[in-house]
Amino acid sequence: MERLFIALELPASAVQALCLARDELSARAQGRFVPDAQLHITLWFLGDADAAGRRAALAALAAGASASGPLQLRLGPCGFFGPRHSPGVWAQALGAQQGFLAVQSAMESVLAPAGYPREERAFRPHVTLGRRVAWPAGAPLPAPSCAFAAEWLTLQRSTLLPGGPQYDVVARERLRGVSG
């Protein structure tokens with residue numbers, strides 16, 4: 001079994017803007033902050049997958065890549081998620097709603113029959129910058145700013161380690177469908 005998820009890879013310009021926001025957070029608060037190489041937008045979390053699950057994830061990656069061209073996005077304001085006493089911090093990814101929907105629908109057509117249904121909660125594209133962040137009450141959060149085209153989907157393996165997860169790219173597919 002391996003822990004898998006499908007993500008939208010971020011170009012260097014977006015990673016740079018997100019790193020500036022993350023570094024501002026880490027300079028002002030304690031928490032567990034996401035390393036540069038692990039910044040991404042999760043599209044589908046499969047969790048533990050056996051060999052059949054991995055094959056389904058690879059097929060879903062290809063289906064998703066065929067469903068849309070590159071997604072034109074921009075980073076939006078940061079916000080909190082999770083419990084108030086120990087929240088995570090994320091940056092919004094705005095734009096390309098039709099593209100996200102097309103990619104997720106294509107992936108769902110492969111993953112749901114394989115036992116990996118879509119989450120019930122609404123999808124909100126975002127990039128996690130930190131977890132368990134002790135942010136000063138009332139202090140404004142950073143607001144990263146960057147417009148970019150996201151061109152790649154990745155299948156990633158997450159290995160849970162004592163110092164935090166390690167992500168390894170299993171496969172990559174370029175978004176090559178028609179943009180909406």
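A network of salt bridges links Glu 2, Arg 54 and Arg 157. The model is predicted. Across the whole structure, a search finds 10 salt bridges. Three further pairs are described below.

Within helix H1, which spans residues 12–28, Arg 28 and Glu 24 are four residues apart. That spacing separates Arg 28 and Glu 24 by about one helical turn. The two residues form a salt bridge, and their closest N and O atoms are 3.5 Å apart. Arg 28 is partly exposed, at 38% relative accessible area. Glu 24 is also partly exposed, at 34%.

A second pair joins Arg 174 to Glu 151. In this salt bridge the closest N and O atoms lie 2.7 Å apart. Arg 174 belongs to strand E9 (residues 164–174). Glu 151 sits in the loop between strand E7 (147–150) and strand E8 (152–161). The pair therefore ties together parts that are 23 residues apart in sequence. Arg 174 is partly exposed, with a relative accessibility of 40%. Glu 151 has a relative accessible area of 31% and is likewise partly exposed.

The side chains of Arg 176 and Glu 173 form another salt bridge, with an N to O distance of 2.8 Å. Arg 176 has a relative accessible area of 45%, so this residue counts as partly exposed. Glu 173 shows 24%. Buried means under 20%, so Glu 173 is classed as partly exposed.

Terms used:
Residues numbered from 1 in each chain as written. Predicted model: local features only at pLDDT ≥ 70, side-chain atom pairs only at ≥ 80, totals over all residues. Heavy atoms only, no water. Salt bridge = Lys/Arg side-chain N within 4 Å of Asp/Glu carboxyl O. Helix = DSSP H or I, 4+ residues; strand = E, 2+ residues; numbered from the N terminus. Buried < 20%, exposed > 50% of the residue type's maximum accessible area, 1.4 Å probe, protein only.
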